[in-house]
Amino acid sequence: MDPDNKNSIQDNPFPGLRPFRPGEEKFFFGRENESREIAEKLLQNRFVAVIGTSGCGKTSLIRCGLLPLLEKGSSENEQPWRILSIRPGNDPFGHMADALAEILPDKGIEKDERDRIIGLLKEGSEGIPGIPGVAGKSGEGRLLLIVDQFEELFRYGSPDLGVGSVKETAAFVSLLTRSVSPLYPGFYLVVALRSDLISECSQYKGFTSLINNSNFLVPRMTREGLKEAIEGPVRNMGARIDGELIEHLADECASRAEQLPLLQHILMRTWALWKELDEPGKPVSLTTYSSAGAVGDIISKDADEVFDKLDPAGKIICERLFKSVTGKGADGKGVRYPSSVRTIKQLVRCTDSELMEVIERFRDPSLSVLTPEYGIPLDDDSIIDLSHESIIQLWERLRKWVEEEAASVAVYLSLSEASALYQGGKTGLLRQPELQVAINWREQNNPTVAWARKYNPAFERAMVYLRTSEKEFREEEERKARQQWWRFRRIRIISTLLGVAVGVSALAMAGVLISKFSADRKRKLAERQKYEMAAQDSATREYAALALKKSLVADSTALAATFREQEEKRLRLNTQDQLAKAESIAKESGKLATAAQNEARAAVGKSNETHRLRMLSVARSMALRSLQMGGQADLQALLAYQAYLFNRNFHGSPNDADIYMGLYNLAKENGSPFFKSFSEGAQGKLKSIACAPGSNEFYTSDSEGKILKWDLNNGPQAYRMIYQDSEITDVMAISPGSDWLACGRENSSIRLIPLKGTGQSYELNGHRGSVRSVVFSYDGKYLYSAALDGKVLKWDLAAKTSTNMTTGEIQITAVDISPAGNYLAGITPKGTGLVWNPGNSSDRFTIESEGKAIRSIRFRPGNAMFAVGFDDGTVEIWDAAKREKITGIKAHSGTVADIRFNAYRPQMATSGEDGILRLWDLENLNSVPISIDDAGGPLISFDFGSGGTVIVSAIGGDKASIISRPSYADTFAADGCKYVTRNFTPEEWQAYVGEDIDYEKTCPGADLKIKIRELR
């Protein structure tokens, strides 16, 4: 495809994700001041380092900001510039030699001459200007060298990538440092460097001095700069763009870290659509922009569209390609790992043509996700890289691939470490379940030497260790099977012999019994006669003894009575003395016993607490293990439910994050009625969701102007449309009695829809901007609203009149009210917070934090506490009455989009632009929250429903859906034994629970549910 005929700048003034090219300066706006400052520093010092984050526009700023200024100065002073531009890549000296060939007298050099120039660059002491024929000395004109993507020296110099070397990097940096010398006043140098890699330069002292003396840190574009970057290119193309669209785009992109790539891409798409409509008389409008896509998901959507057009083989190649050029850094963030085409072919295992087809589709100017730029020829040494590191976050599919690759690398590194220990005699072979995890990883990923070399070169050793472990395990299982077979055979033989012996013994015993019965009869007759004679003799002897005993007793009675009287007197005196001593001893013993009991109770309590904490740790560990048991449904269910039982029985957190996720995963995989998806019924793009207090009903609004009523107890098709018109509802609120639904709409009106009785819907008009908040007072008599016009209105619903509650000249675009109605909390357009008492104008205070803006605010039901969400992902809890911050937490990696409190339990939910829904325990905000990120699309809105027992979330994207989940683990646990088909074996109990913990059955009746398949 000819690049001149595809997305030419003459057709589209916005380059998309690629940088601006030389010659496109007439479409480069918003950086005029920065360009002048860079030019001044360069002309004064002959060196400047342009430093900035990935995607901040460094390359475009140099190409279309700095170079036009230099060329203009050259025409005025009649001193021409010769300009060289290189990227170091994996061969900085070679690329430098190729660039110099363009200015040497005989343009174009042979291989021998190229090698000679490389040798001069590496060994010469005069630097680049010392090469014969290169400008730079006095009187020879001026030469400007631009080293773009300077950080490639450090990335490509990594031993992990197998290219470059620390020595070569040091030599190239030294070459540049020597070139900026007073001996060559005509040589100028500009380097463009990523700010997160600037610390790599600190090891080169001379080059560090150059940077310290002359550098420019590229700032984030101001709002005015953004507006000029939007309007200027359109104006130069002879067209117009709506001011409303300019303001909207500036709002959308002002606070985003990846503002420029996103802005240029959506503008490129919007302009292309406007051109297709072929209505040159009409301006580029907000409607055109909305049809082209939204800022938040446009890159993900476009990249997925390209991916979906690939055939099955192409999709596999695409996934492996992007996994080979991306990864996770030490900080857990996505990073780029540029690789040569030759290396990628080894990793992807495909032909040249198959790989090139995929690369070209993602280099296409309509997307420009990969570099080099479209139209630059590729060979085996070409380096493939992402155009911007931020694409990892902007493309959801790529973000998932990075996570999968990181998990695969973690398994491989663990296996490599274990193999090294085994080789050193410090550990044994792998056992279950770790062995099965490693086998699954090998089968699913089919790793190669080329892939493994990026992370740990000992691939063969690790694979041999895994195969040896697998072989030993199988042989051990076969030995056990053989031993079991021989054991059963011996039992059968012994059983047969015992059966024969029993039969013979039975016959012999029958004869013995007959003889025994006859002898017994004779013996019993003789014994009876003998007993009768002995009884007569015994009776005679007993009568004589009784007579003698009576005589002796009569003689001793008198003497015994006298002796007893004297002994009883002595014992009484002795007993009284002993009682006195005993009372004294008892008092002292009581004190000692009480102290001992207290110490014993304390020791027992400490021991019990230690045991309790240990059991809670075991429970969390089991819950996490259950998440790794894919394909072993019986063991997965056992681990998840037993973990819940331990957590409950030993008084763990009622909503521990690990316990919840174990049960949540179990419920999803088994189709639990407590996890419901309403995807089939959702229509259009969802805008808002609201749950009716204390009931199972909830309501949604969408981009088609419909309001739908749903029931959590019914299926996805059981919904009813209660209202529809052409206006879109952005926000909704339900009155405390669930009798009215308030709908804040884009056309600045508020529609009240009756939910009970025979009332008629009606409209409230008082704003002059899109409504952003509607909230009922807790008695249901009033409605508070805030809109983009900056006003807060209090509506008397009986009289249908409004009162402006805004204080002074401060504008409020979002508002919430405290339960008692004595405080309002709002957000200003500048991102600060204002809390005020509507009945006392002096009772108010401001919440603001330098460097971050408030994006959400919400009161907690029942008190004057409220939560504030910032664009840096933090959430702060405040007390309105005391005007003080109670605590703060890091909730999300990006903007906190919304906050909700559970009105029935101490729980808070937050959502962020990272797409994650988190549930927090308000009684212990330092505990790990429940994090749910399986929605499959951007989280549009969410709310607690069904008396706080569930949380319902609306997910946007191409296929909108609604998902209902329990807000606490106890609800999931109700189905626990339904999924448990057996109990732990003693061996499994020891492996997953502990040898010293008493065995117990997870579900007493579970063993009866095992299904036996008939063998045919």
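How many disulfides does the structure hold? I found 1 disulfide, keeping in mind that this is a predicted model.

**Entry: the cysteine link**

I looked up the partners and got Cys 977 and Cys 1003, with sulfur atoms 1.9 Å apart. As a reminder to myself, a disulfide is a covalent bond between the sulfur atoms of two cysteines. I noted -90° about the S-S bond for Cys 977 and Cys 1003, a left-handed link. The pair joins distant parts of the chain: Cys 977 sits in helix α24 (residues 976-979), and Cys 1003 in the segment after α25 (986-992), 26 residues apart.

Then I checked how accessible each end is. Cys 977 has a relative accessibility of 29%, so I put it down as partly exposed. Cys 1003, at 3%, is buried.

I also jotted down two further cysteines. Cys 56 has a relative accessible area of 9% and is buried. Cys 350 is buried as well, at 16% relative accessibility.

**Entry: ring pairs**

Next I turned to the aromatic rings, and a search of the whole structure gave me 35 aromatic pairs. One of them is Tyr 641 with Tyr 644, a stacked pair at 6.0 Å centre to centre and 20° between the planes. Why are these two about one helical turn apart? Tyr 641 and Tyr 644 are 3 residues apart in helix α21 (residues 633-649), and that spacing is about one helical turn. I checked burial too: Tyr 641 is buried at 10% relative accessibility, and Tyr 644 is buried at 8%.

I then wrote down Tyr 664 and Phe 675, an edge-to-face pair with 5.7 Å between centres and 65° between the planes. This pair links distant parts of the chain, with Tyr 664 in helix α22 (residues 657-670) and Phe 675 in the loop between α22 and β11 (676-677), 11 residues apart. For Tyr 664 I noted a relative accessible area of 2%, so this residue counts as buried.

Which residues do ring pairs link into a cluster? I listed Phe 307, Phe 322, Phe 362, Trp 395 and Trp 401.

**Entry: charges over rings**

Last, I looked for charged side chains over ring faces. Lys 852 lies over the face of Phe 870, at 4.5 Å from the ring centre. Arg 905 lies over the face of Tyr 968, and there I noted 3.5 Å from the ring centre.

Definitions and conventions: Residues are numbered from 1 along each chain as its sequence is written. This is a predicted model: local features need pLDDT of at least 70, side-chain atom pairs count only at pLDDT 80 or more; totals for chains, interfaces and linings use all residues. Side-chain values use heavy atoms; hydrogens and water are left out. Rings of Phe, Tyr and Trp (its six-membered ring) pair if their centres lie within 6.5 Å; planes under 30 degrees apart count as stacked, over 60 as edge-to-face and the rest as tilted. Helices (H or I, at least four residues) and strands (E, at least two) are DSSP runs, numbered from the N terminus. Buried means under 20% relative accessible area, exposed over 50%, partly exposed in between (1.4 Å probe, protein chains only). A charge sits over a ring if NZ of Lys or CZ of Arg is within 6 Å of the ring centre and within 35 degrees of the ring normal. A disulfide is a pair of cysteine sulfur atoms within 2.5 Å.
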